[in-house]
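Subject: Structure for you to look at

Hello,

Here is the structure I promised to hand over. Please open it first, then read my notes below.

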Amino acid sequence: MNPILEKIFECVEFGKINLAANFPPQMKGQPGADEYTKEALDSGITPSDIMNEALIPAMNKVGQKFTENKIFVPQMLLSAKAMNAAMEHLKPFFKSGEVKRKGTFILGTVFGDLHDIGKNLVGMMVEGAGWEVIDLGIDVKTEKFVETLQQHPNAIVGISALLTTTMVNMEPVIKAIKEMSPATKVIVGGAPLSQEFASSIGADGYGKDPQASIQWLDSVVA
Amino acid sequence: MKTWKYNFGESKKHYIDWWNGKGIVLTMWEHLDKEGEPYTDIPEPPQAKDISQFWFDPDWRSDYLNYKMSRYSYKADILPVANTQLGPGSLGAILGAELEGRDKDTIWIREPENFDGNIVFDENNKWWQLHLDLLRKCKEKAQGNYLIGCPDLIEGLDTLASLKGSDSVLIDTMIDPETTLQQLQAVNDAYFKAFDQIYDIINVDGEMAFCYFSIWGPGKVSKLQCDISIMISEDDFRTFAQPFLREQTEKIDYTLYHLDGVDAIRHLDAILELEKLNAVQWTPGVGQPQGGDPQWYDLYKKILAGGKSIMANWVTLDELKPLLDNVGNQGLNIQMDFKSEHEIDEALKIIESYR
């Protein structure tokens, strides 16, 4: 791999955002994903190569380490932040169409529920896996999901809930989405959920953790 | 103090024994209605006009609690304690977050919009004033017939998360550990300020009860937790949670740690290192069998072997005897899933043969 891409990979894996960031301690004083991505573009490396050879594989590795309990949420959040710093440089190429996203993912915490960390993690990881993510936030009403889907008719929808009292609110959202657009795929996730529950409310997928959500999303567009 | 609980003296002994690793407490999560006449005829207050009054009107809520307490069963070791909770983690509101009553089961805590990083205990904070008003009014209405429980203040990383947001707290443990530790100490300092003032209001002859998990003791009593710990490593738990929990266990006479969820079990060793912690409560979490299931026997044995008592929750009648046979009869607080006073009597029959 190109040495600059290797550096970007390493920065994302270990959560080194930029030169000013003092985390991780062993990389203090070194450039981060921000600087290396700019350097990569300046040296003529294509945005697609940055995305496909550095960012996506690095986030895959982060997701794998998280699944294996080798890292935890703080480390994962910092990796996602490093990835976001790199993505800032790539945004113009997404807009121009030079770099293609895998698809669009509309994401929100179901109405009645104000929890956001699981949803945020999934959003960051999915974005790092090459998807455009539209984050609707927390306590998202059915109408908001439907309205956003109308604006992005080919999108996949993700719904999060952390409580047994709010996970039941997912079913009417899925019903409304399917009534409007039967072909739209919906994935649900959150601590109290299970594959059985997801199937019982009409969801197409169940994301046990961010990595599982990415694998499912990638399988849908494969 | 003569309360509506006829056998309080006996239950107090059970609790004191349990805090010290002995015997059995047989109780339940909160209460069920007693059979027959109430202890005294207290008129039912009119329905709360809205959810805000239901939770946040001290006059209405103290009337409502007084009415409900006059009708609850206090058989076995069920405590005569009025639940004054103002959401899970009301210390966060005292320090600047906002409380929002959503329904009769839930109070949400919203993080402040412009938190500047300073943890300030403002005596004039409206939510702190509500704590004081509610507790004083409830105590006045109780007239010694029952105790007033300490609201679920919550401490440490969980409270810091309610001020800064979970993402920010978790990231700051990595990128700015020194500030995070300072903020956690400030949270603990505020906790003790609030807790001690609450104790001064609600204690009766030095005794105190805590709302969550229905605990009582002949001194200061609290439930401790760090629910956000499921997201951090064991090393980070020892850095960012354990020192502040230790301070609590040293300053509060009787402490119970609420261990929440399978992913939190990896921190049990660090929890058992808290020398003065008395007990560990186990909440299996959604999708898992509840506290009486054989799956958790080894966990209970590990806690007991670590020198702490245990609390098992939502135990069913058919699980009671196997639980005692396998885990033993010393240092158990069993919170049953009672549906009637008849079930309490049945459970008591089983327990008596193990005392």
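Start inside chain A, where 13 residues of domain 1 of chain A are in contact with 11 residues of domain 2 of chain A. Keep in mind that this is a predicted model.

Which elements give two or more residues to the domain 1 side of this contact? They are helix 3 (47-67) and helix 4 (73-96) of chain A. Helix 3 of chain A gives the largest share, eight residues. By class, the domain 1 side has 10 nonpolar residues and three polar ones. It has no charged residues.

Domain 1 of chain A covers 3-96, and domain 2 of chain A covers 104-221. Their C-alpha centres lie 26 Å apart.

Next, turn to the contact between the chains. Chain A puts in 17 residues, and chain B puts in 14 residues. On the chain B side, the largest share comes from helix 7 (residues 166-175) of chain B, with seven residues. That side of chain B has eight nonpolar, four polar and two charged residues.

Last, the confidence values. Chain B has a mean pLDDT of 96. In chain B, 100% of the residues reach 70 or more. For the complex, the predictor gives an ipTM of 0.91 and a pTM of 0.92.

Best wishes

Terms used. Residues numbered from 1 in each chain as written. Chains lettered and ligands numbered in written order. Predicted model: local features only at pLDDT ≥ 70, side-chain atom pairs only at ≥ 80, totals over all residues. Contact = placed C-beta atoms within 7 Å. Helix = DSSP H or I, 4+ residues; strand = E, 2+ residues; numbered from the N terminus. Nonpolar A, V, L, I, M, F, W, Y, C, P; charged D, E, K, R; others polar. Domains from an automatic or database assignment. pLDDT = per-residue confidence, 0-100.
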